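Subject: Structure handover

Hello,

Here is the structure I said I would pass on. Please open it beside this message as you read.

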Amino acid sequence: MKKRIHQIELFMKYPHDVQGEIFKRLLKTASNTEFGRKYDFKSINDLDTYQNRVPVHQYETLFPYIERRMKGEQNLIWPTDVKWFAKSSGTTNARSKFIPVSQEALDDCHFKGGKDLISIYVNNFPESKMFSGKGLAICGSHKINEYDPRSNSYYGDVSAVIMQNLPLWAKFVRTPSQEISLMENWEEKIEKMADITSEENVTNLSGVPTWTILLIQRIKELKKVDSILEVWPNLEVFFHGAVAFHPYRNLFQQLIPKSDMRYVEIYNASEGFFGIQDRSDSHDLLLMLDYGIFYEFVPYSELQKENPKVIGLSEVEIGENYAMIISTNSGLWRYNIGDTIKFTSTSPYRIKITGRTKHFIN
């Protein structure tokens with residue numbers, strides 16, 4: 001963990017060098033894919049050329065590649081064999097989005113983000129006792145890819161994709177079993193989770209606030225207690241993401257009446273893991289720059305223009321709203337993720353999520 005903290009401090013100190021290396025590595029890795037040949041990645045040596053040659057993509061414009069991959073074609077937008085797709089709802093015309101999740105994205109982004117979250121937390125709170133008990137994570141479910149059932153590929157909630165692929169060491173420090181965690185029926189899942197985890201020494205929670213609330217309430221009913229701390233006396237931290245936490249904070253304080261209970265926000269999505277709350281006295285998030293994701297930004301005032309101005313990380317300004325454009329190690333090229341963010345610091349780069357590009361929160 002200490003070694004990783006040192007690496008995090010390095011990208012905080014040299015953000016543009018780190019992002020420049022990722023930019024070159026992504027283009028080189030995908031240069032022989034169908035997409036890479038179409039835009040001649042091999043001859044791109046700088047950001048200006050990349051921006052002039054490769055258009056900003058919405059989900060709809062990348063979907064033909066993703067659909068072909070789901071039907072079995074290879075080497076389209078990313079060279080390695082993609083066996084997982086994160087199914088996500090979003091503000092697009094499609095009812096659901098299917099986001100490719102490569103092994104590189106699992107290892108260098110999603111798993112790395114999870115490990116960094118713990119590393120940063122323990123670095124901030126070295127007296128933590130979270131490893132004296134179990135971690136409880138509430139995730140979704142997955143199923144076989146019906147587009148190509150013979151390909152041994154799957155799609156599901158990104159949390160389920162991560163859970164299914166967890167390294168062995170991570171499975172020993174969490175509860176309940178993977179079989180229960182990945183159940184598709186939520187009512188049955190919550191019931192079984194409540195039954196099993198109420199007998200465990202749970203020290204840390206992670207997940208979406210809504211389902212976590214339901215689980216805690218069900219355990220209180222099941223055990224006939226006034227406080228969840230009677231069941232989990234050593235509970236110390238809730239790692240949360242996916243939705244704004246502020247509307248739920250008071251309810252959590254009622255459900256977990258502990259003055260030193262800690263709440264740590266993360267910014268992750270089907271497309272990647274982007275930010276971690278790295279300070280206990282502030283709710284902004286450290287932008288994680290070495291996860292195989294290259295960042296660009298569109299000023300909000302430019303969003304409705306036919307050819308919006310797109311800027312690099314070095315050009316962003318504190319307090320301005322930006323739409324986030326990402327190029328990733330799963331083959332999402334100049335992809336508009338649909339979120340708007342605001343920088344609170346540029347040394348290091350810290351952000352706050354402000355809304356969605358199609359439903360902007362003032």
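Below are notes on one helix, the cavities and a few backbone details.

Please keep in mind that this is a predicted model.

Helix α10

Start with α10, which covers residues 186–197. How far apart are its end C-alpha atoms? They are 16 Å apart. The helix has 12 residues, and at 1.5 Å a residue it should span 16 Å, so the two values agree.

Next, look at which parts of α10 are hidden. K189, I190, M193, A194 and T197 are buried. They cover an arc of only 130° around the axis, so they sit on the same side of α10. The general rule behind this is simple. An α-helix has 3.6 residues a turn, so residues three or four places apart point the same way.

What covers the buried residues of α10? Both strands and helices do. Among the strands are β3 (134–137), β6 (174–175) and β7 (202–207). The helices include α9 (178–181) and α11 (209–223).

Cavities

Now to the empty space inside. Rolling a probe the size of a water molecule over the atoms shows where such space is left. There are 2 cavities of 30 Å³ or more in this model.

Backbone details

- S347 to P348: the peptide bond here is cis, with omega near 0°. P348 lies in the loop between β15 (335–346) and β16 (349–356).
- K224: phi is near 55°, a positive value in a residue other than glycine. K224 sits in the loop between α11 and β8 (237–240). Its relative accessible area is 75%, and the cut-off for exposed is over 50%, so K224 counts as exposed.
- R334: phi is near 50°, again a positive value in a residue other than glycine. R334 belongs to the loop between β14 (321–328) and β15. Is R334 buried or exposed? Its relative accessibility is 3%. Buried means under 20%, so R334 counts as buried.

So K224 is exposed, whereas R334 is buried.

Best wishes

Technical notes: Residues numbered from 1 in each chain as written. Predicted model: local features only at pLDDT ≥ 70, side-chain atom pairs only at ≥ 80, totals over all residues. Heavy atoms only, no water. 1 Å grid on protein atoms, 1.4 Å probe; cavity = no way out; pocket = protein on both sides within 12 Å on 5 of 7 lines; lining within 4 Å. Points joined across faces, edges and corners; volume = space filled by probe spheres on them. Helix = DSSP H or I, 4+ residues; strand = E, 2+ residues; numbered from the N terminus. Expected span 1.5 Å × (residues − 1). Buried < 20%, exposed > 50% of the residue type's maximum accessible area, 1.4 Å probe, protein only. Arc of directions from axis to C-beta. Contact = heavy atoms within 4.5 Å.
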